Amino acid sequence: MRPQKVNDQDLLEGLMSVIRSKGYDGSSLNELASSSGLRKASLYHRFPNGKKEITSVVLDYVEKWVADNILSFLSDTNILPSERLEKALINIDNLYGGGQKTCILRALTMDSNLELFGEQLSQIMSQWITGFNTLGIAFGLSESDAKSKAEQTLILIQGSLIVSKALSDLSPFQKTLASIKAMYN
């Protein structure tokens, strides 16, 4: 067996960078291969179902990363709610490169993509809401207030990424993270 030329994390991060910036429809197999460090034939070998499989696997990777690096903190009852929030916000900031990186979930919410990935996208967003809902309850909010704040948190994060990108200014994203912190404390 030949040794793997590209490790899985580097492969998935490269693929994700193209999908983040170009969306599903705008991502070509040549660009995906180039960003992954693989030749097109090797990319097909790894992902025989092409771009759809690549995107699905990247979404699985994102879902796991978010679960390990954000949601795990939001639900960790061994630390104070304020510390949970702080750690989650630091990792959200890292995930989006301080506001420089487009959210892959947003990049895939075009109508044509929802047919292909709508269930995965909905599941990931629901997990974010559940995580922040759990945090809100830990802060002493009622179930309905916690859910409302959780939904608002996701909206604020996604909206601020769009505004930051459109204005070429990271401050809306950074201000949003600070306002989320204030919203829960």
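A nonpolar core is taken here as a set of buried Ala, Val, Leu, Ile, Met, Phe, Trp, Tyr and Cys residues joined through side-chain atoms within 4.5 Å, where buried means under 20% relative accessible area, exposed means over 50%, and partly exposed lies in between (1.4 Å probe, protein chains only). The structure is a predicted model, with local features needing pLDDT of at least 70 and side-chain atom pairs counting only at pLDDT 80 or more, while totals for chains, interfaces and linings use all residues. Residues are numbered from 1 along each chain as its sequence is written, and side-chain values use heavy atoms, leaving out hydrogens and water.

By that definition, the largest nonpolar core holds 47 residues, and Ile92 and Trp128 have the most contacts inside it. Two or more residues come from each of H1, H2, H4 (50–74), H5 (81–95), H6 (104–107), H7 (111–138), H8 (143–167) and H9 (171–184). Helices (H or I, at least four residues) and strands (E, at least two) are DSSP runs, numbered from the N terminus. H4 supplies the largest share of this core, at 9 residues. As for Trp128, setting aside neighbours within four places in sequence, its contacts (heavy atoms within 4.5 Å) are with Val66, Ile70, Leu71, Ile92, Leu95, Tyr96, Leu154 and Ile157.

On to how the helices pack. Two packed helices are described by the angle between their axes and the distance between the axes. Axes are lines fitted to C-alpha atoms, for helices over the stretch in contact, and the angles run from 0 to 180 degrees between N-to-C directions. H4 and H7 sit with their axes 10 Å apart, at an angle of about 5 degrees. The pair is therefore roughly parallel, given that angles under 35 degrees count as roughly parallel, over 145 as roughly antiparallel, 65 to 115 as roughly perpendicular and the rest as oblique. On the H4 side, the residues in this contact are Lys52, Thr55, Ser56, Leu59, Asp60, Glu63, Val66, Ile70, Leu71 and Leu74, and they meet Leu116, Phe117, Gln120, Leu121, Gln123, Ile124, Gln127, Trp128, Gly131, Phe132, Thr134 and Leu135 in H7. Sorted by class, the contact has 12 nonpolar, 7 polar and 3 charged residues. Ala, Val, Leu, Ile, Met, Phe, Trp, Tyr, Cys and Pro count as nonpolar, Asp, Glu, Lys and Arg as charged, and the others, Gly among them, as polar.

H5 and H9 cross at roughly 165 degrees, and their axes come within 11 Å. That angle makes H5 roughly antiparallel to H9. The crossing is right-handed; in these terms, a crossing is left-handed if the near helix is turned anticlockwise from the far one by less than a right angle, and right-handed if clockwise. Ile92 turns up here too: together with Leu85, Glu86, Leu89 and Asp93 in H5, Ile92 meets Phe173, Gln174, Leu177, Ile180, Lys181 and Tyr184 in H9. The class tally for this contact is 7 nonpolar, 1 polar and 3 charged residues.

Leu11, Gly14, Leu15, Ser17, Val18, Ile19, Lys22 and Gly26 form the H1 side, against Glu31, Leu32, Ser35 and Ser36 in H2. This contact has 5 nonpolar, 5 polar and 2 charged residues.

Several serines deserve a look. Ser36, in H2, counts as buried at 3% relative accessibility. Beyond neighbours within four places in sequence, Ser36 is in contact with Val6, Leu11, Leu15 and Leu43. Ser36 and Gln123 are 87 residues apart along the chain, and their C-alpha atoms are separated by 26 Å. Ser164, in H8, is likewise buried, at 2% relative accessibility. Not counting residues up to four places away in sequence, Ser164 touches Gly99, Asp169, Leu170, Pro172 and Phe173.

Ser168 belongs to the loop between H8 and H9 and is exposed, with a relative accessible area of 69%. Most residues other than glycine have a negative phi. Ser168, though not a glycine, has a positive phi of about 50 degrees. Its C-alpha atom is 8.4 Å from that of Gln100, 68 residues away along the chain. Another loop residue, Leu80, lies between H4 and H5 and counts as exposed at 51% relative accessibility.
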